[in-house]
Structure formats: C-alpha cells, structure tokens
Amino acid sequence: MARRRQLYEGKAKVLFEGPEPGTLVQYFKDDATAGNGAKKGVITGKGVLNNRISEHLMTRLAEIGVPTHFIRRLNMREQLIREVEIIPLEVVIRNIAAGSLAKRLGIQEGTRLPRSIVEYYYKNDELQDPMVSEEHITCFGWASTQDLDDIVALALRVNDFLTGLFLGVGISLVDFKLEFGRLYENDEMRIVLADEISPDNCRLWDAKTGEKMDKDRFRRDLGKVEEGYQEVARRLGILPEAGVRDLKGPELMQ
C-alpha cells in the first residue's frame, strides 16, 4: 500500500492528504531550526512530545469553545486536522519580556509586561518573517479588519486560558506564537486556530526558578533540550507511558 501523498513540508511538520475530503494528516518531525533556519538540528523525540502536548492543549481549548483545526490524534506522531486556508501571519502574544522584544526595546528579559501585547509577523521565510502592522495586513489583503478582530479576540482568549493552565502546573507562559486559518463549511467561513501549540512555539519557564523548558534551550545552546520538552509533558500529565518512542515515518491508517 502506497503512502499518502505529501502536500507540504515545513521546518517541523509534514502535511499529507487526509482520508476524507477536507482533512489532512499532520506529521510532527524531530527536526529543529532557529534563526529562521540559520541553525538546524534534531531534538530526539520532539515530534512525539509536541504531538501529545498540542493534542492536549487544542482539546482543552475546544472544550471552552475555541474553534481549532484539530480533529484527533492518530498515533505517536500524527494528527488528523481540518484543511484550512492559512492566513499568512504569525500572531505573537507576549506576557513577559523575552526574545526579540527584550532585544528590540532594551527591556530586561523576565520583566512582566503591564498588559499582554499582541504582535503580527508576515509569514515569509525569505524575508525572515518581518513584523507588520494592521495597516500592512489590511492593505495587502492578508486579512480583513473583521478577520483581525476575530483573531485578536481568539488569541487573547487562548492566552487567558493557557496562562492559567500552565500556572497550575508551575509554568509561566512567557510568550507564544499562534497561526490561524479560514475554515469553509456550508458556504460559511470562520476563523479557527491552526498549526500547533507546543514548546516549539511557546516560551515556558519554571514559575519559581525561571528555568527554560522550550526551544530556547536549543536556540541558546543551553543543553538538556529533550529534558525540557519532557518536563512540560510530565507536568501536563501526558508523557507517554512507554517513553518517547521514535517512529521513522508517517504511519498509514487502515
């Protein structure tokens, strides 16, 4: 039996055609990149952990009414998702100064912000995902004003929920990146949460010690990268019982 047709391969995931129209299979890789691909490596078991973590968080968000593309997890590395038209924006929500915000504005990393900040970045690897404003977004037709209103409302709702969820297991949600897509059903369009939520696109610090448990361990050569991801999964109560087992490629569903 032939494998499903591959539709897209990104830095951390591969998309295959799904078993039914309007669905895709999302496969999580162990590949890791930083600096828009300038640094590359492999984090053993990352794909397995990100699959489980993203499944858990997407499911919890759906329970409070946040619409997502997630349908169900298929196996250790794959999810069944709804096919959406991805809006070419990375939406970053910041609660604590870190990363590029601290560097751009000269703010001490770890400074808690007076309120959460929402930033937009144009998804374009060749341009290194430049920061853009609402004016750019609406002018170039990447999203409408109504789309942005929906996106911001969903992003802040996700932030409120995840901040509390992570704090409950001793983790500070410093900042994170979301992506959104347009889901077309019965001649209607709605904005839904897409991509993934994992230590790949969240900054997660131990609430007491400030120890990093996310991809910054890879970006900054801090070591124990796998252990950081595993600790997030452990605290969420979803570390696979059999440990992080490697699957070499996408598995076929019967």
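**Salt bridges, burial and a strand**

Glu-109 and Arg-220 form a salt bridge, with their closest N and O atoms 2.9 Å apart. The pair ties together distant parts of the chain: Glu-109 sits in the loop between helix H2 (99-105) and strand E10 (112-122), Arg-220 in the loop between helix H5 (216-219) and helix H6 (225-236), 111 residues apart. Helices (H or I, at least four residues) and strands (E, at least two) are DSSP runs, numbered from the N terminus.

This is a predicted model, where local features need pLDDT of at least 70 and side-chain atom pairs count only at pLDDT 80 or more, while totals for chains, interfaces and linings use all residues. Residues are numbered from 1 along each chain as its sequence is written, and side-chain values use heavy atoms, with hydrogens and water left out.

Q: Why is the contact between Glu-109 and Arg-220 called a salt bridge?
A: The term asks for a side-chain nitrogen of Lys or Arg within 4 Å of a carboxyl oxygen of Asp or Glu. Here the closest N and O atoms are 2.9 Å apart, so the pair qualifies.

Q: What makes Glu-109 partly exposed?
A: Buried means under 20% relative accessible area, exposed over 50%, and partly exposed in between (1.4 Å probe, protein chains only). Glu-109 comes in at 28%, so partly exposed is the label. Arg-220 gets that label too, at 35%.

Q: Why is Lys-29 called buried?
A: Its relative accessible area is 10%, so it falls under the limit for buried. Lys-29 also has a salt bridge to Glu-9, with the closest N and O atoms 2.9 Å apart. Glu-9, at 45% relative accessibility, counts as partly exposed.

Q: What makes strand E14 mostly covered?
A: Five of the five residues in E14 (residues 202-206) are buried. Cys-202, Leu-204 and Asp-206 lie on one side, Arg-203 and Trp-205 on the other.

Q: How do you know that E12 and E14 pair?
A: Pairing takes at least two DSSP bridges between two strands. E12 (residues 171-185) and E14 share five, in the antiparallel sense, so they pair.
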